[in-house]
Structure formats: C-alpha cells, structure tokens
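I opened the model today and kept notes on what I looked up. The entries follow in the order in which I made them.

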Amino acid sequence: MAYKITDKCIGCGACAASCPVSCISQGDSKYVIDKDTCIGCGTCAAVCPVGAPTLTNSES
Ligand code: SF4
Ligand code: SF4
C-alpha cells in the first residue's frame, strides 16, 4: 500500500518535509513519492493543502 501524488500538487513541499521515511522528492512538475519506500502512513495526505496525495492499491 502506497500513496501517490496527483496533478493537483502545487509543489509547496510540505509533504516532503513531513514524510517519516523521506520518500517524497521534487519532480519536474510536481512532487513524487517513491512507492517502494512509502509505508502508507498518510502523513503527506494530512499535511497537503490541496489534497494531492491519494491512496493507491496498485502493487506494480
Ligand atoms: Fe511518506 Fe507516509 Fe506519504 Fe508514504 S504515506 S509518502 S510514508 S508521508
Ligand atoms: Fe504537492 Fe501537497 Fe506535497 Fe505540497 S504537500 S508538495 S501540494 S503533494
């Protein structure tokens, strides 16, 4: 179980600063989550001002 960041991201960086496993980094047009490192804690979704991080059930 991992989170992904949707196109709603405005690049504020709040999620990257609060992720306990530091698996969020700045991408080309938005922040991106390393799904293999993400532990699915939901902190990024809780701190994001625009609700960009969403839960994905995809294991691939
Ligand atoms: Fe980091 Fe938790 Fe968000 Fe995964 S769900 S990217 S571990 S803050
Ligand atoms: Fe993007 Fe939300 Fe993370 Fe800010 S907290 S960088 S808007 S996903």
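I sorted the shell around ligand 2 and got 12 nonpolar residues, 2 polar and no charged. For this, Ala, Val, Leu, Ile, Met, Phe, Trp, Tyr, Cys and Pro count as nonpolar, Asp, Glu, Lys and Arg as charged, and the others, Gly among them, as polar. The shell has 14 residues, and the closest are Cys9, Cys12, Gly13, Cys15 and Cys48. A residue belongs here if one of its heavy atoms lies within 4 Å of the ligand.

I noted the ground rules: this is a predicted model, local features need pLDDT of at least 70, side-chain atom pairs count only at pLDDT 80 or more, and totals for chains, interfaces and linings use all residues. Residues are numbered from 1 along each chain as its sequence is written, chains are lettered from A and ligands numbered from 1 in the order in which they are written, and side-chain values use heavy atoms, with hydrogens and water left out.

Next I searched the whole structure for salt bridges (a side-chain nitrogen of Lys or Arg within 4 Å of a carboxyl oxygen of Asp or Glu). The search gave 2.

One joins Asp7 and Lys30, with the closest N and O atoms 3.5 Å apart. Asp7 is in the loop between strand E1 (2–5) and helix H1 (14–18), and Lys30 in the loop between strand E2 (24–26) and strand E3 (31–33), so the pair ties together parts 23 residues apart in sequence. Helices (H or I, at least four residues) and strands (E, at least two) are DSSP runs, numbered from the N terminus.

I also looked up accessibility (buried is under 20% relative accessible area, exposed over 50%, partly exposed in between; 1.4 Å probe, protein chains only). Asp7 is exposed at 71%, and Lys30 is partly exposed at 22%.
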